[in-house]
Amino acid sequence: MGLPDLVARWRADSETAPNIAVWETFPPRPADLHPFPADLPPALAKSLTARGIDALYSHQAAAWTQARAGKNVVLATGTASGKTLAYNLPVLAALLEDGSARALYLFPTKALAQDQFSVVSNQAQLFPGNGSLGIGIYDGDTPQSARAAIRKKARIILSNPDMLHTGILPHHTKWEEFFRGLRFVVIDEMHTYRGVFGSHVANVIRRLRRVARFYGAEPQFILTSATIGNPAELAERLVEAPVTLIDEDGSARGERHFLIYNPPVTDPALGLRKSSLLESVRLAGDLLAHDVQAVVFARSRRSVEIILKYLQGNGDWGKGNRKKALDHPRLSTPNTPAIRGYRSGYLPAQRREIEKGLRDGSTRLVVATNALELGIDIGGLGAALLVGYPGTIASTWQQAGRAGRGDAPAVAVLVASASPLDQFLAHHPEYFFARSPEQALVNPDHLLILLNHLRCAAFELPFRQGEAFGRLPAAQVGEFLQFLVSGGEVHASNEQYFWMADAYPAASVSLRSASPENVVLQVDDGGRPRTLGEVDLASAPWMVHPRAVYLHQGQQYYVQELDLEKNTAALIPVALDYYTEPQRQTEISLLSTSAQAAVPGGSKSHGELRVSEQVTGFRKRKWGTGENLGDEPLDLPPAEFETTGYWLALSDETIGTLRAAGAWRGDPNQYGPDWPRLRDAVRARDGRRCRVCGAPETDRAHHVHHKTPFRSFASAAEANRMDNLVTLCAACHRKVEQNVRMRSGLAGLAAVLGQLAPLFLMCDSRDLGVFADPQAALAEGRPAVVLYDQVPAGIGFSRKLFELHDELSASALELVQECGCEDGCPSCVGPGGENGVGGKAETIAILEKLAPE
């Protein structure tokens with residue numbers, strides 16, 4: 001039993017081997033060791049030797065050399081390659097040589113800072129007489145009573161960008177001694193600082209350097225990163241200074257297997273495959289049965305809980321794996337939680353307990369979101385199972401790298417879902433293995449983000465006339481400051497700009513989302529009410545809407561109430577045979593067009609949009625089978641935001657050609673001259689109530705819907721029979737029509753473009769919104785597909801898609817043409833509508849018109 005036996009079994013197993021689309025084996029790699037540098041302080045060299053370290057990896061030695069030369073350094077090497085020691089050595093040496101020197105370590109999350117505290121403290125024992133080396137965590141969880149002592153005594157502060165933004169920089173006068181001695185700033189997991197978050201963090205670093213300069217310090221930066229396409233460029237954008245890249249990994253590595261597993265097709269005509277989630281449960285059962293400690297990465301918090309429920313429940317894991325695993329002493333020990341979940345929303349104490357279980361081996365398998373993708377110390381696992389493509393090549397390698405440590409062999413398995421992107425990679429692995437990892441995009445000069453941080457910077461220190469802000473020229477800074485003067489927030493006097501508003505600006509600026517608030521989940525199970533966890537305010541309407549089934553550590557909870565004024569949700573524990581899926585509705589309006597160009601088949605555009613998104617209802621699905629048990633409506637307020645988008649509009653000529661070939665079904669129906677009378681008659685027959693949700697008509701008349709699509713009949717008279725007509729409210733009508741719209745091909749085009757776009761960007765599919773409209777107002781009534789940034793004001797994703805239009809269209813055509821289904825499936829254009837045929841032929845016809853010549 002063990003990993004070698006499991007690898008051999010998977011190669012021979014008839015249920016597994018035929019579905020392995022790719023099996024790459026990377027041979028072991030010996031360590032590239034270098035002797036201690038000649039200028040390493042003898043005390044540090046002695047301490048390293050005492051801990052069994054008698055040489056440095058090549059990248060550690062290179063980092064030492066460059067840091068000692070005063071260079072800013074970015075380390076882009078593999079997981080568990082010793083990056084912590086690489087930045088600790090030059091920091092500890094500087095603190096040893098200068099009693100006034102200080103260092104600031106920034107981690108992207110509080111959890112990672114807590115985890116790295118023990119690692120840094122352990123390595124700080126290299127410091128002779130380490131009692132004089134104070135190390136402290138300063139974040140939102142630090143008790144108020146301890147903060148003054150940490151500010152005064154700690155020489156290494158571990159924090160996060162959020163706390164630096166709201167709790168340190170605005171109160172820099174309390175940190176005078178620390179800032180005067182600030183020699184090093186370490187920015188760990190730099191690759192996470194992209195998009196909106198990265199653009200905010202770049203401005204926080206501008207403010208940090210400005211405050212440090214005020215106290216006479218010019219800190220040196222050391223950054224670490226996973227493998228991305230542009231580590232040096234991203235580092236320079238974040239710190240706005242030259243950096244030296246070190247990306248040759250000198251650490252030892254055991255044999256690594258990387259598999260892409262594509263679940264088998266169950267219905268060739270419909271292109272349906274076995275569930276990637278259930279196949280992952282089976283493969284996880286293999287890992288448990290062979291006693292291979294593993295992490296299972298799921299794409300969403302909901303998926304984590306569903307997988308956990310299957311594994312912790314009584315379902316079969318395949319081929320008797322459950323019995324084999326539970327017969328094993330590690331899993332059969334009473335009161336030992338061998339299978340755990342890990343995601344945001346769990347309380348910190350729960351997560352620390354799970355991390356400890358992974359390190360000491362009592363937890364054999366953890367099901368996690370990308371919260372465990374970062375460098376939290378969870379020991380050396382034998383396997384990583386990725387349920388669906390994580391969204392970027394960089395994240396895939398990062399998650400796969402959680403398996404294996406040192407010379408030990410390890411395996412990573414990417415289980416492809418039915419999504420077009422996953423299927424594209426399963427059939428074109430060269431896009432994954434031969435393609436450079438994506439580039440991380442940040443835009444620190446994004447107008448809304450920049451203005452917010454100029455407000456924060458003015459609060460911290462007055463701006464001098466002619467002062468720049470990072471690399472932003474003084475002239476532009478002056479224009480923005482004059483804008484703040486006109487709003488009464490800043491006052492100009494004696495060639496300086498002083499903050500005047502009563503508000504504390506940093507408190508109202510969230511670095512991570514447009515919603516800095518959270519909704520607290522409160523459970524009433526008959527005893528004293530308790531807090532289960534929390535979700536961010538933006539996610540609450542779809543995660544914990546009224547009557548939702550919320551999953552936490554495999555336990556089901558029924559949401560009785562969601563109070564968006566008090567930011568609380570009331571839950572009770574339940575045991576139901578179904579789970580819930582939210583249903584959302586989107587509306588888009590054009591604000592302005594910034595770019596437009598003719599392309600084959602139509603035009604492409606980029607501009608500013610207003611988006612309205614609303615959770616309008618939810619669907620119940622039966623556990624195990626996914627059977628639809630019915631839909632229920634919800635009455636929740638819409639969320640509106642302004643952003644940027646890229647849209648593709650079909651030309652009149654293209655529509656005419658498609659129509660002549662019978663490949664266009666998106667024209668509005670002509671119901672006949674008697675339609676107004678028929679519509680009134682149907683509404684009167686149905687009591688002017690929606691026959692799905694029961695909502696009565698208000699000042700707006702309900703819609704009348706054809707049960708069997710109008711185009712399925714030879715004449716309007718046949719289609720307009722009273723028994724084929726039903727009254728629906730606008731919301732229910734939209735939901736019902738979604739199936740039929742598949743016939744136009746436009747929805748199929750939107751589905752495949754939306755799924756493939758993340759392959760060309762360093763983003764998750766959830767970072768982009770997709771919208772299709774056969775009569776789009778933003779395209780002067782022509783059919784259009786819109787892809788937009790899911791963050792207010794946008795961050796550059798849609799602009800990049802505008803530039804990559806040709807490549808995106810060509811890849812979409814290739815994907816749909818190669819799919820083996822007959823007429824649309826989840827792996828290409830989406831499944832066909834329940835009442836009509838799919839849209840594969842129509843989508844191919846459109847893409848052939850759009851393909852670059």
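Modeller: On a 1 Å grid over the protein atoms alone, a cavity is a set of points where a 1.4 Å probe fits but cannot get out, and lining residues have an atom within 4 Å of a point. Grid points are joined across faces, edges and corners, and a volume is the space filled by probe spheres set on the points. By this criterion, a search of the whole structure finds two cavities of 30 Å³ or more. The model is predicted: local features need pLDDT of at least 70 and side-chain atom pairs pLDDT 80 or more, while totals for chains, interfaces and linings use all residues. Residues are numbered from 1 along each chain as its sequence is written, and side-chain values use heavy atoms, with hydrogens and water left out.

Biologist: What is the volume of the largest cavity, and which residues line the largest cavity?

Modeller: Its volume is about 80 Å³. The lining consists of Arg301, Arg302, Glu305, Arg343, Trp542, Met543, Val549, Tyr550 and Leu551. At least two lining residues come from each of helix H12 (301-312), helix H21 (540-543) and strand S24 (549-552); helices (H or I, at least four residues) and strands (E, at least two) are DSSP runs, numbered from the N terminus.

Biologist: How many residues of each class are in that lining?

Modeller: Ala, Val, Leu, Ile, Met, Phe, Trp, Tyr, Cys and Pro count as nonpolar, Asp, Glu, Lys and Arg as charged, and the others, Gly among them, as polar. The lining accordingly has five nonpolar, no polar and four charged residues.

Biologist: What makes H9 oblique to H10?

Modeller: Axes are lines fitted to C-alpha atoms, for helices over the stretch in contact, and angles run from 0 to 180 degrees between N-to-C directions. Helix H9 (residues 195-214) and helix H10 (residues 231-239) pack at about 50 degrees, with their axes 7 Å apart. Angles under 35 degrees count as roughly parallel, over 145 as roughly antiparallel, 65 to 115 as roughly perpendicular and the rest as oblique. H9 is therefore oblique to H10.

Biologist: Which residues of H9 and H10 meet?

Modeller: Contact means heavy atoms within 4.5 Å. Gly198, Ala202, Ile205 and Arg209 in H9 meet Arg237, Leu238 and Val239 in H10. These residues of the contact divide into four nonpolar, one polar and two charged.

Biologist: In the sheet with the order S6-S7-S5-S8-S9-S4-S10, what makes S6 and S10 edge strands?

Modeller: Two strands pair if DSSP finds at least two bridges between them. Seven strands form this open sheet, with parallel pairing. Strand S6 (134-137) and strand S10 (244-246) each pair on one side only, and are its edge strands. The twist averages 15 degrees from one strand to the next.

Note on methods. 1 Å grid on protein atoms, 1.4 Å probe; cavity = no way out; pocket = protein on both sides within 12 Å on 5 of 7 lines; lining within 4 Å.
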